[in-house]
Amino acid sequence: MRELQAEGRPVDPLDLAQVSPYLTEHIKRFGEYSTHELGITPDDYDAHLDIDFSVLGDDEKAAAA
């Protein structure tokens with residue numbers, strides 16, 4: 001979403017409320033995951049999005065949460 005906003009594209013909160021934050025593709029059920037990156041500390045995650053969610057009704061807010 002931040003990349004779309006940086007490109008000047010509008011982000012509709014109603015569309016964003018339909019997006020799932022959970023991975024559903026390319027998941028290897030039984031592994032083959034690299035462990036050499038376990039010691040690397042990731043950067044802090046900034047969860048703030050500059051999107052006005054006040055346009056959503058109560059049902060959409062609950063679904064987006």
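Hi everyone, let me start with a pocket: the second largest pocket in this protein has a volume of about 220 Å³. A pocket here is an open set of points on a 1 Å grid over the protein atoms alone, with protein on both sides within 12 Å along at least five of seven lines. Grid points are joined across faces, edges and corners, and the volume is the space filled by probe spheres set on the points.

Before we go on, a word on the source: this is a predicted model, where local features need pLDDT of at least 70, side-chain atom pairs count only at pLDDT 80 or more, and totals for chains, interfaces and linings use all residues. Residues are numbered from 1 along each chain as its sequence is written, and side-chain values use heavy atoms, with hydrogens and water left out.

So which residues line the second largest pocket? They are Met1, Arg2, Leu16, Tyr45, Ala47, Leu49 and Phe53, where a lining residue has an atom within 4 Å of a point. The lining has six nonpolar residues, no polar ones and one charged. In this count Ala, Val, Leu, Ile, Met, Phe, Trp, Tyr, Cys and Pro are nonpolar, Asp, Glu, Lys and Arg are charged, and the others, Gly among them, are polar.

Let's stay with Leu16, which sits in helix H2. Is Leu16 buried or exposed? Leu16 counts as buried because its relative accessibility is 14%; buried means under 20% relative accessible area, exposed over 50%, and partly exposed in between, with a 1.4 Å probe and protein chains only. Pro10 is exposed, at a relative accessible area of 79%. Its C-alpha atom is separated by 9.5 Å from that of Ile51, 41 residues apart along the chain.

Stepping back, the protein has three helices and zero strands; helices (H or I, at least four residues) and strands (E, at least two) are DSSP runs, numbered from the N terminus. Of the 65 residues, 11% are buried.

How about salt bridges? The whole structure holds one, meaning a side-chain nitrogen of Lys or Arg within 4 Å of a carboxyl oxygen of Asp or Glu. Arg9 pairs with Glu7, their closest N and O atoms being 4.0 Å apart, and both residues are exposed.

Last, confidence: the mean pLDDT is 77, on the predictor's scale from 0 to 100 for each residue.

Definitions and conventions: On a 1 Å grid over the protein atoms alone, a cavity is a set of points where a 1.4 Å probe fits but cannot get out, and a pocket is an open set with protein on both sides within 12 Å along at least five of seven lines; lining residues have an atom within 4 Å of a point.
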